[in-house]
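Here are a few exercises to work through with the model open in your viewer. Try each task before you read the solution.

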Amino acid sequence: MKWLRSHLVGMFAVLALVYLFIPISVIIVLSFNKPAGKFNIRWNEFSLDGWTNICGVPGVCESFLTSIQIGLISALAATVLGTLIAFALVRYRFRGRSTTNLLIFLPMATPEVVMGASLLALFLNLQFPLGQTTVIIAHIMFIISFVVVTVKARLQGMDPRLEEAARDLYASPGQTFRYVTFPLVLPGILGAALLGFALSFDDFIISFFNAGTLVTFPIYIWGAAQRGIPVQVNALATIVFISALAIVLFVQIRGQMKRKSLTAAPANPATIDVLPRS
Amino acid sequence: MSTITSSRNIEDLRLENLVKSFGDFLAVDDITLTIPAGSFFALLGASGCGKTTTLRMIAGLEDPTSGTIKVGNTDITGLRAFQRPVNTVFQSYALFPHLDIFENVAFGLRRRGIKDVTPAVEAMLELVELAPMARRKPAQLSGGQQQRVAVARALINQPDVLLLDEPLGALDLKLRRQMQIELKRIQTEVGTTFVHVTHDQEEAMTMADTVAVMNAGRIEQMGHPADVYELPKTAFVANFLGQANLFSGSVTGRDGEDLVVATNGLSMRLPAQRNSATGTELLVGVRPEKMTILDEVDAGKIPTGSNLVTGLVTDVSYTGVSTQYLVEAPWGQVLNVFEQNVIVGDRCEVGDPVLVHWAPEHTFGLGS
């Protein structure tokens, strides 16, 4: 009973993790499968075909690279624009500021189907040819909101006295931004860019409406799902998962090491206890 | 040390008719004062009295509504913060968290385009005794050390005026005492004018050569700490800087150098030159430690000419150095009396009828 009480929370945590990771592990395991029929659903036989011949199925690598390209371009553009908007919203008082603050949330709150469909209507009306450009425009549009929210939070959390201190110490407005504001907001901007890339890479609904004949990775998988998803898709998905995991681990470990050096610092009392003479 | 102690002439800081209003609220109400070069000046007041606003205007972080700020004869009112020969030690320090201690201290020099900053930074870190910490980040330092980095970061620029905004507010009592002495030492060593804003009257009195007590945007009284304490000119100053017992009364006559005042049916005396009231109505004041408390039976020990109040002890607190009594006068007013614990033997107890007396030369008169 006592054992149960002290381990219950841990057991629930393990169950929750299992729940989260079973679907992912299925994908990873099946990337080493040699499916018996068209559908890669049942385990048949171990094979490295999906990995050694990763571009073996026509279109799969092209769509993967297309998605990465779209993700990089839209994340970059949205981060630049969103950061500028965030600075304007936090630093300046102007007419329509609170309206902008509200409207920025709109793309996040709008159902993707609605946004995808209305963007399509817009492009058709303008007779703008559908393709990579329209997908990028659409992605930038909805990523901006997330960037603004992330960078704004970082900016608002910054002590305004730090910038005052810089001004007090002979930094011109430009220097204050370059040497104090920007380095302090940078982690927020990088986080926003990563999030933006993930959102773009991941997006199916809005892309599908506005892609025309362009095939992004999610669109490819959706198309393949009807005919049977090739093993290569599992392999590529595994690569994406492991890359994401690697980034998270890298950030975590770096943070841990930083904290360790913080706590280890006072270990040498001879150097830390230089107290003022009294 | 030659890189720190400047041989150039430091000039007076002059505020002329300085006003700052935020909407309808008058934060600083027409302040004119001269802070002598090289002095340690304290602006003392409760929060919201306008002392920090005054400091921020001197730093250039706030624009005055009207008035001028001068260093010597140079008008700096129109200069922006980064153009002024003034540096600030901010409340809670505002050290740059992404830079190490060395770079924090070097920041001002680098911004002014000085190439070789190492000797100056090292000398400065030596002065504040933080040389071994040069490559640490601010978060790795204790509160007292961060405080000294903030001082070093400002002082390295050899400002004409160093502004300190509640610099010791975040430290615990013991460290605060140490830092008070430390700051005073640094000030003497570099000779720069220090303008120190604080709400802690003890801190202001310990460190400053001149104290200005601010209230509601104005300077109520200014002078050497001892002078202001011994002879407050307003009731606010009397109560803000230490404690005071005040009796309202009116002048009934004059006896030589002394005024005779009738208050609550008693007659008290105070030297005419210690009275700052203009009319006949006034507040007669005395500091608690100037009073002597006696058992009723010892009435004979009271020197002639003393001011005297009878009363009942309502509270006794022993604080080690002194004993603090609350004594209720016949008209209901409760007096504060401090007695040094130099006498061996009985102290007065709660309920004792006592005599409280003090010399007229410790009495002061205030406008009511």
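**Exercise 1.** Work out in which sense strand 17 and strand 18 of chain B pair, and over how many bridges.

Solution. Strand 18 covers residues 334-340 of chain B. Strands 17 and 18 of chain B run antiparallel, with 7 bridges between them. (Strands are DSSP runs of E, at least two residues, and helices runs of H or I, at least four, numbered from the N terminus; two strands pair if DSSP finds at least two bridges between them.) For one pair of facing residues, take B:Thr323, which sits opposite B:Glu339. Now look at the turn: 5 residues lie between the strands of this hairpin, and B:Gly332 there has a positive phi of about 95°.

A word on the ground rules: this is a predicted model, where local features need pLDDT of at least 70 and side-chain atom pairs count only at pLDDT 80 or more, while totals for chains, interfaces and linings use all residues. Residues are numbered from 1 along each chain as its sequence is written, with chains lettered from A and ligands numbered from 1 in the order in which they are written.

**Exercise 2.** Find what joins strand 17 to strand 16 of chain B.

Solution. B:Val313 has B:Val327 as its bridge partner. This hairpin has 3 residues between its strands, and B:Gly320 takes a positive phi near 90°.

**Exercise 3.** Which residue with a positive phi follows helix 6 of chain A?

Solution. Go past the helix, residues 112-125, to A:Gln127, with phi near 55°.

Terms used:
The expected span of a helix is 1.5 Å times one less than its number of residues.
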